Amino acid sequence: MAPFAPVLDRTKATAIRAYVIHRANEETAARSSSSQHRADANQGAVIVAQGAASGAPACAQCHAFTGGSDGSGAFPRIAGQSASYLSRQLRDFSSGVRSNSIMSPIARALSSDNIEDVAAYYSGAAAQFPPLANADPQLIKQGKELAEAGNSAKGIPGCGACHGAQGTGESPTVPYLAGQYAHYTALQLQMWQRGFRRNSPTTMRLFANKLDDQEIASLAAYYQQLQAPSPSLARSKQ
């Protein structure tokens, strides 16, 4: 992907989103054509609950069987994220493109079929939102303004240009942020800033580097309190 200009308006950010989604669809189609495996959510549920024969532990130990995790923010909420996004993250952990001391060895212990099955299961899972302490209303207000309008002086487009209105995400590539734990969101933004997360180098790292600590805290607080279902969750309830 070509480098982005220092300042991106909404039109440019929307074009980036469309390009990323297009590439994701191409990758998904290519993977489907090269594999005869049909993702099995039921088999994914077994791995989530019991682990895999290869030695990978049960996903539910950290993410809960529902995908809501434990509410601490140490582990992300993954219920209802698109299967394509979840699969891509697991493959990035496995390959080393994305590194984490817990997730990397687990992902490497999963077969390609295991990954597709687990992703299929969690993409259809629905988890309740736990009661969490409310952040400072002023902090949430600042986060809302930044998420919706960005900061043109710093060249930051509104997060909603890619992550959707109210943080619902843009399937299959762009994850939902609504209801994601503030601690986790803030940590990921800091990871991009410091170069420890590398699987979206020309988008998220570019934007994260323009944020200060207060802006990161405000965005994290704003998205946590939205608690709106992702498109995948909405479909699972129909």
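Predicted model: local features only at pLDDT ≥ 70, side-chain atom pairs only at ≥ 80, totals over all residues.
## Crossing of α4 and α6

Helix α4 (residues 83-95) and helix α6 (residues 112-123) have axes that come within 8 Å and cross at roughly 140°. That angle makes α4 oblique to α6. The crossing of the two helices is right-handed.

On the α4 side, the contact is made by Ala83, Leu86, Ser87, Leu90 and Arg91. Helix α6 contributes Ser112, Ile115, Glu116, Val118, Ala119, Ala120, Tyr122 and Ser123. Sorted by class, the contact of α4 with α6 has 8 nonpolar, 3 polar and 2 charged residues.

## Salt bridges

The structure holds 6 salt bridges. One of them joins the side chains of Arg91 and Glu116 at 2.4 Å, N to O. This pair links distant parts of the chain, with Arg91 in helix α4 and Glu116 in helix α6, 25 residues apart. Arg88 and Asp92 also meet in a salt bridge (3.3 Å, N to O); both lie in helix α4, 4 residues apart, about one turn of the helix. Arg88 is partly exposed at 34% relative accessible area, whereas Asp92 is buried at 6%.

Lys154 and Asp212 form a salt bridge at 4.0 Å, N to O. Lys154 lies in the loop between α7 and α8 and Asp212 in the loop between α10 and α11, so the pair ties together parts 58 residues apart in sequence. Lys154 is partly exposed at 29%, as is Asp212 at 35%. Shared partners join Lys154, Asp212 and Glu215 into one network of salt bridges.

## Ala220 in α11

Ala220 lies in helix α11 (residues 213-226) and is buried, with 3% relative accessibility. Beyond its neighbours within four places in sequence, Ala220 contacts Ala182, Thr185 and Ala186. The C-alpha atoms of Ala220 and Tyr181 are separated by 7.4 Å, although the two residues are 39 residues apart along the chain.

Notes
Residues numbered from 1 in each chain as written. Heavy atoms only, no water. Buried < 20%, exposed > 50% of the residue type's maximum accessible area, 1.4 Å probe, protein only. Contact = heavy atoms within 4.5 Å. Axes fitted to C-alpha atoms, helices over the stretch in contact; angles between N-to-C directions. Parallel < 35°, antiparallel > 145°, perpendicular 65-115°, else oblique. Left-handed = near helix turned anticlockwise from the far one by under 90°. Nonpolar A, V, L, I, M, F, W, Y, C, P; charged D, E, K, R; others polar.
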